Amino acid sequence: MGTEREGAVKIDRAFDSTLESVDEAEALILETAATAGFDEDEQHHISMAARECLVNAVVHGNRYSAHKKVHVAIETTSERIKIVITDEGEGFDLSDLPDPLAEENLLRHSGRGIFLIRAFMDELSMRKISPHGTEVTLVKERGRNEDK
Amino acid sequence: MNNRQVGDVTVVDVSGRITLGEGSSELRDAMRDLVAKGNKKILLNLGDVTYIDSSGIGELVSGFTSVSNQGGQLKLLNLTKRVKDLLQITKLYTVFEVHDDEAAAIRSFA
């Protein structure tokens with residue numbers, strides 16, 4: 001094991017498509033980030049971004065289906081945390097979301113989740129999974145708060 | 001969530017998490033109730049709010065527009081640093097009137 005991989009952690013869990021599971025998965029991610037050495041602000045940003053993503057998976061992806069799971073994979077090293085959240089839904093298009101900062105959208109009730117994920121994480125990528133599902137990958141590097 | 005009447009201003013003390021499935025529905029119901037009862041001066045005290053997500057932000061915005069549409073005012077009191085940061089990131093800090101002092105906030109409704 002190289003130095004860079006020392007202390008590396010991998011977690012893989014499947015959760016029901018419920019809001020209670022969102023809380024449970026968020027708590028797991030927060031605990032993992034804390035254990036990996038992220039500071040309190042970073043932990044808060046990671047858990048918020050993960051929560052927004054988990055809510056999307058449960059609400060828009062799996063639509064609360066009791067037959068579908070939300071899969072959460074977490075990898076941490078001393079430098080970064082990578083979180084992959086995958087649903088089993090029909091997919092939802094995030095490419096043409098309205099800009100929540102535009103004057104005409106400021107007072108909209110919803111539409112800020114993806115924006116917040118981008119604000120709080122260093123990387124965000126999404127891809128559709130065959131035959132069903134959306135996989136979202138979030139990455140945050142340690143000690144880059146001042147850049148965000 | 002607790003309501004207090006200070007003169008003609010309704011102060012709503014909100015605490016804990018305002019997230020989808022928890023506090024956000026409670027906040028939505030409380031705001032609807034206040035608007036339905038004709039309250040037009042509402043001060044949301046967020047000093048004990050520990051966490052707010054995009055759903056919670058959405059409820060704050062909806063409450064603001066509902067009260068405004070009724071000719072009333074909704075203002076915010078005692079934002080924690082994290083809530084303040086969130087409102088700044090989403091450009092909502094300039095939409096809401098925010099106060100740090102309750103007495104001054106109450107007077108501002110006059």
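Reader: Hi! Which elements of chain B have the lowest and the highest mean pLDDT?
Author: Hello! In this predicted model, helix H1(B) has the lowest mean pLDDT among the elements of chain B, at 91. Strand E4 of chain B, residues 73-77, has the highest, at 98.

Reader: Thanks! And what does chain B average?
Author: Chain B averages a pLDDT of 94, and 100% of its residues score at least 70.

Reader: What ipTM and pTM does the predictor give the complex?
Author: The ipTM is 0.88 and the pTM is 0.90.

Reader: Back to H1(B). At what angle does it pack with H2(B)?
Author: H1 (residues 23-36) and H2 (residues 54-69) of chain B pack at about 5 degrees, and their axes are 9 Å apart. Angles under 35 degrees count as roughly parallel, so H1(B) is roughly parallel to H2(B).

Reader: Nice. Which residues meet there?
Author: From H1(B) come B:Gly23, B:Ser24, B:Leu27, B:Arg28, B:Met31 and B:Val35. They meet residues of H2(B), including B:Ser55, B:Gly56, B:Glu59 and B:Val67.

Reader: How do the residues of that contact divide: nonpolar, polar, charged?
Author: The contact of H1(B) with H2(B) has four nonpolar, seven polar and two charged residues.

Reader: New topic: how many residues of chain B are in contact with chain A?
Author: There are 15 from chain B, in contact with 16 residues of chain A.

Reader: Where does the largest share of chain B's side come from?
Author: From H2(B), which gives six residues. H2 and helix H3 (81-89) of chain B each supply at least two.

Reader: And what kinds of residues are on that side?
Author: The side of chain B that touches chain A divides into six nonpolar, six polar and three charged residues.

Conventions:
Residues are numbered from 1 along each chain as its sequence is written. Chains are lettered from A and ligands numbered from 1 in the order in which they are written. This is a predicted model: local features need pLDDT of at least 70, side-chain atom pairs count only at pLDDT 80 or more; totals for chains, interfaces and linings use all residues. Axes are lines fitted to C-alpha atoms, for helices over the stretch in contact, and angles run from 0 to 180 degrees between N-to-C directions. Helices (H or I, at least four residues) and strands (E, at least two) are DSSP runs, numbered from the N terminus. Angles under 35 degrees count as roughly parallel, over 145 as roughly antiparallel, 65 to 115 as roughly perpendicular and the rest as oblique. Two residues are in contact if their C-beta atoms, placed from the backbone, lie within 7 Å. Ala, Val, Leu, Ile, Met, Phe, Trp, Tyr, Cys and Pro count as nonpolar, Asp, Glu, Lys and Arg as charged, and the others, Gly among them, as polar. pLDDT is the predictor's confidence in each residue, from 0 to 100.
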